[in-house]
Amino acid sequence: MKRMQRLLGILFGFICAVQLGVIGWSIWSYERILKEGEVYFFNVLPLDPYDAFRGRYVTLRFENANKAPAGDTTPQEHRSKAYAILEHTQEGDRIKEMRFSKPVSGNFLEVNVHSTMAAQKTDVSNTVYFSLPFDRFYLREDRAPKAERILRMRDVNVSVKASLRVLNGKAVIENLWIEGVPLVEWMRRHEEARSR
Amino acid sequence: MSKETYQWLERELPSWVKEGLVSEGSAQALLQRYAGDKASSRSSGTAFSLLGFVLVGLGIISIFAYNWDELGHLERTLLAVLLLVGAQAFAFWVRRYRASDAALREGSGVFWFLMTGASLAIIGQTYHLGGSMLDFLSVWLVLSLGIAWVLPSSGAAFFQMILWTFVWLGSRDEMREVFSSEHSFLSPWMLALLALSWLGFYALRYRKERNAYATLLLGWALAVCVLAVGSVEMLLATYPEQNVRMLSMLFAFFFAIYYLLGKMYFFWGEKSWQRPFERMGKLGALVLVLAHVSFNAGTWLLRFDLEPTRYNSLLGLLLMLLFGVLLILFIRKEQKLPSEILVCAVPIIMLGYNLLHTMPYSAMLFVNASVILGAGWMIYCGIKEVTLGLVNQGMIVIALVIWIHFFNANFDLVAKGMAFIVTGILFLSLNAFLKRRFRGVA
């Protein structure tokens with residue numbers, strides 16, 4: 001009985017350590033990306049859905065970030081992961097190409113490959129279809145629907161960009177920018193202008 | 001032993017000692033023997049504690065789901081860690097200093113479970129993590145594994161079961177649209193292994209404190225989760241061929257198995273709410289068979305008969321074998337024809353109905369005759385065993401058969417209203433008559 005209690009005690013400590021380890025490691029790795037990662041800006045189209053546990057968010061549909069030419073000849077069948085090579089250009093930041101083997105240097109991002117779409121298209125082109133591993137920007141409950149409403153009504157020429165911090169194949173969405181202003185700040189200005 | 005039975009024993013023992021049936025020492029030994037069971041079933045405090053902690057935990061999750069953007073990264077991450085450490089520390093304190101307080105132990109387990117989810121949710125929203133709800137639930141499931149064991153807490157195991165069921169259902173390829181999710185990172189084999197955790201916990205509770213309310217709570221969770229998983233698996237097994245007849249057969253076996261398991265093994269007392277498997281099995285079987293009594297059901301099913309129905313499902317074979325074994329064990333145990341033979345016979349009735357599908361009228365007559373006979377047998381047994389509940393059950397089934405036919409027919413509202421009034425009066429008068437007769441017998 002005593003041995004069992006001791007064993008359960010050890011298990012108790014182990015569970016606590018694993019839980020704290022996972023939470024702590026997540027915080028550390030994401031903070032590191034935010035601190036040391038390179039910034040890239042991508043055009044996005046936001047929509048407003050809801051998560052019962054994490055609250056309201058705007059879904060980000062990244063423009064020009066769902067297909068890119070394959071940059072290596074590694075067989076791509078049955079691959080679920082690939083690496084998007086990112087680059088800064090004068091027209092803006094973009095995904096240059098896709099690789100199926102992990103790059104040793106440069107800025108790249110691990111993405112999910114859509115195998116069915118890839119299989120359909122391989123015979124006609126060398127294009128890889130994929131989705132980015134993030135598509136959410138969480139906002140305060142009352143702000144998310146407003147943000148979506150305002151963004152839907154906006155002038156088509158107004159650019160909405162998401163800034164990503166990228167480090168060693170992982171990325172974190174840093175902020176949403178409208179005409180170079182952070183979304184929350186832009187919304188505040190927009191509401192002030194309307195009330196005047 | 002239930003609390004009521006223990007109290008009855010406490011009341012009876014002095015007179016048994018007086019009559020010399022048992023000695024004073026034996027009486028004390030008997031009371032001591034069942035005292036533990038009684039203590040474990042004093043659970044109204046536990047129920048309120050569980051409810052309280054669940055509400056507090058859900059409240060905290062809800063408050064942080066608001067996404068307070070006034071809080072920076074540091075504050076948010078600190079909150080995530082504090083919530084988790086707080087829940088762990090509280091559980092540790094309860095385990096160390098108040099281990100005998102079941103209410104607090106159960107509550108702290110549930111609170112710890114919920115705070116694990118809350119911490120993950122805060123991390124997710126702080127760093128705008130992608131991934132579906134299924135990913136989030138899968139991580140939560142893995143991280144909260146073992147909480148039920150170390151305290152121990154049936155409440156935490158209850159939530160583990162519910163969470164596991166959601167993840168299992170969401171991981172099925174065919175359910176991805178419903179949950180709008182990609183694959184879970186947990187493979188079916190890993191999920192099956194994870195299920196062993198709460199199944200093992202349940203088995204332990206069942207062996208140690210079978211009649212405790214916490215074990216009954218787990219029993220309900222088990223019944224609901226197995227029903228949910230079983231229903232989805234049966235639907236998926238028959239969906240590609242649109243094999244509705246096979247589906248009805250699978251459900252018939254499933255509900256009959258539930259009923260038999262509930263009758264023989266999975267029960268925690270004599271009251272309805274203490275018999276989740278039996279009640280769910282009976283209700284499911286009766287609804288299934290009653291859904292086939294009308295002629296409209298037969299004509300609706302005909303549209304699926306373009307291809308000959310194939311009864312070649314492995315799942316069907318397994319269910320049939322299990323049903324056969326349980327039925328033999330049940331009849332051996334009862335030593336007579338069971339009063340609720342209608343529920344046990346639902347798979348046979350459904351098989352006959354489906355085999356007669358080329359003759360819709362004969363099929364309908366077969367199922368109607370079977371239901372009326374089964375319900376009639378219930379009434380007969382109820383009168384013989386002086387059980388009013390059984391008589392009423394049989395009468396309700398017959399009344400439902402009549403009403404279904406009545407509503408299918410083109411009678412006007414007045415006629416339908418009259419049918420209700422007549423059957424209502426019949427019920428009332430027969431009940432009054434039987435009550436008087438049963439009182440006479442008693």
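Visitor: What share of the contacts in chain A with a separation of 6 or more is accounted for by residues 24 or more positions apart?

Guide: A contact means heavy atoms within 4.5 Å. In chain A, 62% of the contacts with a separation of 6 or more come from residues 24 or more positions apart. Please note that this is a predicted model, in which local features need pLDDT of at least 70, side-chain atom pairs count only at pLDDT 80 or more, and totals for chains, interfaces and linings use all residues. Residues are numbered from 1 along each chain as its sequence is written, chains are lettered from A and ligands numbered from 1 in the order in which they are written, and side-chain values use heavy atoms, with hydrogens and water left out.

Visitor: How many helices and strands are there in chain A?

Guide: Helices (H or I, at least four residues) and strands (E, at least two) are DSSP runs, numbered from the N terminus. Chain A has 4 helices and 12 strands.

Visitor: In what order do the strands of the open sheet in chain A stand?

Guide: Strands of a sheet pair through backbone hydrogen bonds, either parallel or antiparallel. Two strands count as paired if DSSP finds at least two bridges between them. Here 5 strands of chain A form an open sheet, ordered β4-β8-β7-β5-β6, with antiparallel pairing. Strands β4 (67–69) and β6 (92–99) of chain A stand at the edges with a single partner strand each, so one side of each has no neighbour in the sheet.

Visitor: Which residue stands opposite A:N112?

Guide: A:N112 faces A:S131 in β8(A). Strands β7 (residues 108–113) and β8 (residues 127–131) of chain A run antiparallel and are joined by 2 bridges.

Visitor: How many aromatic pairs does a search of the whole structure find?

Guide: Rings of Phe, Tyr and Trp (its six-membered ring) pair if their centres lie within 6.5 Å; planes under 30 degrees apart count as stacked, over 60 as edge-to-face and the rest as tilted. The search finds 30 such pairs over all chains. One of them, A:Y83 with A:F108, is edge-to-face, at 5.9 Å centre to centre and 75° between the planes. This pair links distant parts of the chain, 25 residues apart: A:Y83 lies in strand β5 (residues 81–89) and A:F108 in strand β7 of chain A.

Visitor: Are A:Y83 and A:F108 buried or exposed?

Guide: Buried means under 20% relative accessible area, exposed over 50%, and partly exposed in between (1.4 Å probe, protein chains only). Both A:Y83 and A:F108 are buried.
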